[in-house]
Amino acid sequence: MTFSVHGLAVSRGIAIGRAVIVASSRVDVAHYFVQAGEVQSEIDRLRHARNAVAEEILKVQQSLSDLESTDAHPELTALLDVHLMLLQDEQLTSGVKHWIVDRHYNAEWALTTQLEVIARQFDEMEDLYLRERKADLEQVVERMLRVMRGVSSPVAGGARPVHDHTTEVPLVLIAHDLSPADMLQFKQSVFAGFVTDVGGKTSHTAIVARSMDIPAVVGARSASHLVKQDDWVIIDGDAGVVLVDPSPILLAEYGFKQRQGEVERERLSRLKNTPAVTLDGQKIELLANIEQPEDAAAALKAGAVGVGLFRSEFLFMGRNGKLPDEEEQYQAYRRAVDGMQGLPVTIRTVDVGADKPLDRGASRAGDDHLNPALGLRAIRWSLSEPSMFLAQLRAILRAAAHGPVNLLIPMLAHASEIRQSLALVNRAREQLTTAGVPQGVVKLGAMIEVPAAALTIPLFLRHFDFLSVGTNDLIQYTLAIDRADEAVSHLYDPVHPAVLHLLAGTIEQCRAQGKGVSVCGEMAGDVTLTRLLLGLGLRSFSMHPSQILAVKQQILRCDTGRLQTWAQSVLAAEDPAALMVD
């Protein structure tokens, strides 16, 4: 009998095939106490597992470097680096040793116990993306457990379908979760799509899936338990739905949709070199959001005309409080600038805070706060650590000597914060000048993420060359909800009248002053909102590279003159969503 499982749509397309089930290896971890004389041997088992996983990841990285440039995915390289850093994390290794030495837990029990301790810390984080990094730690532990149990990677061969026709019938993978290393093997396998129980739209699994353009649904809860080995499965990556044991009619219907999708992707690929210009001649700037310098290749491949958001905090992740110094940051920023081949790169200063584990060893960045969402994060933390902030500013200014760079400051809300930030930028310039170190000219920008900022735009326009609206946080703070809290997630509404008025006012005032304004949050890459944003006057969109061509297609079909009147009616409506239907 046909039934459906709902999750999050993270990578478009339709996949149809037989299910290969990969259950979590943690469900049957042995729990027992060891004798005092066995403590060292348990620690040795743990060390062996860690080294084996590290060697496995290094081999995958080497295989990546051996691939042709068209097949090498920079996202995977960055994610594998994160997993290597997690393997060496002091909190993980010392914590596991504590459970073995002090409590005499066996190695597997100690490892999963420490995972739960750290996982709770991740769950308390305010930032959605960094909260989802818990999945990466779970994947690292999962791989260590497999080594200790003598089980291979699920994609590499740990799971096999029941039927004997693997070369004739498409296969889809149903798993609790997939690591970046698994994803590489997945790319080279016969699997046509995948579903995971856990994960979010900004999880590593989702990011890699989008970069590879693989149909995928994550966060499908108990899919790996509900779906049986060898079931026929349809993955609708557009709707976030998994259909199990579909009827012949459904198979035919989705087979047709699958063929339609293939034709549409081919059509979209032809738009790469087509200028993003509306029917009435308005030129639209389509930029890319990136997390690592190597992501520049994907941005160029998608036809981006620059980087609208380089999230520099990813250079600070998983380092146990040992922050990247000026030279390391400079080299990373320079690689991004060089990678964009003369196109502009907007680098956002570090957006982490007291609730982020990567900074637990760094001064006050490890302090606890009653409400992390309202605590010492983004520019607030940077201003509290001026030496760190100055090092980052100098690195960005130095990178600007190699190509066009914009410097973007996050989460500003007060005039005092603006003055302090600009004073430190000037000091960084002076320090480089005094030392005789080459630097470039940068445009200065501010993120509009807090309602207080959106309501005082004239203040920002007096001090900055451009503004960038972070709609994810702006929506969250305006509506007073945690977008990751399932109890209130249905209230997270991009077209709430209050959100639209703040957004429209920001765009209007920037354009009146001749200052640049872009949207770099999820709204920019949502094709259902492209017409509305154009009608409100937005001319610069920054999004994940995989979304650029679909948004460009929408732009090419629009007449901004006609959209203007419609957008104003949406803005004036009590229920804007009702007017958003074509």
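**Entry 1: aspartate 245**
I looked up aspartate 245 and found it partly exposed, because its relative accessibility is 36%. My cut-offs, with a 1.4 Å probe and protein chains only: buried is under 20% relative accessible area, exposed is over 50%, and partly exposed is in between. The model is predicted, so I note its limits: local features need pLDDT of at least 70, side-chain atom pairs count only at pLDDT 80 or more, and totals for chains, interfaces and linings use all residues. Residues are numbered from 1 along each chain as its sequence is written, and side-chain values use heavy atoms, with hydrogens and water left out.

Where does aspartate 245 sit? I placed aspartate 245 in the loop between strand E8 (241-244) and helix H11 (248-269). Helices (H or I, at least four residues) and strands (E, at least two) are DSSP runs, numbered from the N terminus. I also checked the backbone: phi of aspartate 245 is near 50°, a positive value in a residue other than glycine.

**Entry 2: histidine 104**
Here is another positive phi. For histidine 104, which is not glycine, phi is near 60°. Histidine 104 lies in the loop between helix H3 (90-103) and helix H4 (107-123). Is histidine 104 buried, exposed or partly exposed? Its relative accessible area is 25%, so I wrote down partly exposed.

**Entry 3: the chain as a whole**
I stepped back to the totals. The protein chain holds 23 helices and 16 strands. It has 582 residues, and 56% of them count as buried. I then looked at contacts, meaning heavy atoms within 4.5 Å. Taking contacts between residues at least 6 apart in sequence, 70% join residues at least 24 apart.

**Entry 4: H4 against H6**
Helix H4 packs with helix H6 (residues 134-149) at an angle of about 175°, and their axes are 10 Å apart. Axes are lines fitted to C-alpha atoms, for helices over the stretch in contact, and angles run from 0 to 180 degrees between N-to-C directions. H4 is therefore roughly antiparallel to H6. The angle classes are: under 35 degrees roughly parallel, over 145 roughly antiparallel, 65 to 115 roughly perpendicular, and the rest oblique.

I listed some of the residues in this contact. From H4 they include Leu111, Leu115, Ile118 and Phe122, and from H6 they include Leu137, Val141, Met144 and Met148. What kinds of residue make up the contact of H4 with H6? I noted 11 nonpolar, 1 polar and 4 charged. Ala, Val, Leu, Ile, Met, Phe, Trp, Tyr, Cys and Pro count as nonpolar, Asp, Glu, Lys and Arg as charged, and the others, Gly among them, as polar.

**Entry 5: H19 against H20**
Next pair. Helix H19 (residues 471-479) and helix H20 (residues 497-512) have axes that come within 10 Å and cross at roughly 130°. H19 and H20 are therefore oblique to each other. Leu474, Ile475, Thr478 and Leu479 of H19 meet Ala498, Val499 and Leu502 of H20. I sorted the residues of this contact into 6 nonpolar, 1 polar and no charged.

**Entry 6: threonine 346**
I found threonine 346 in strand E11 (residues 345-348). Its relative accessible area is 5%, so threonine 346 is buried. Which side chain does the threonine 346 side chain join in a polar contact? The partner is asparagine 406, at 3.1 Å. A polar contact is a pair of N or O atoms within 3.5 Å; within protein, one must be able to donate a hydrogen and the other to accept it, and residues adjacent in sequence count only if both atoms are side-chain atoms. Leaving out residues up to four places away in sequence, threonine 346 touches Val307, Gly308, Leu309, Phe310, Asn406, Leu408 and Phe466.

**Entry 7: arginine 311**
Arginine 311 belongs to strand E10 (residues 307-311). At 19% relative accessibility, arginine 311 counts as buried. Its side chain makes a polar contact of 2.4 Å with the side chain of glutamate 291. Beyond four places in sequence, arginine 311 touches Asn289, Ile290, Glu291 and Arg348.

**Entry 8: two long-range pairs**
Histidine 48 is in helix H1 (residues 39-66). It counts as exposed, because its relative accessibility is 54%. Histidine 48 and valine 147 are 99 residues apart in sequence, and their C-alpha atoms are 8.6 Å apart in space.

Glutamine 553 is in helix H22 (residues 548-556). Glutamine 553 has a relative accessible area of 11%, so I marked it buried. How far apart are the C-alpha atoms of glutamine 553 and leucine 271? I noted 7.6 Å, for residues 282 apart along the chain. Setting aside residues up to four places away in sequence, glutamine 553 touches Glu264, Arg267, Leu268 and Leu271.
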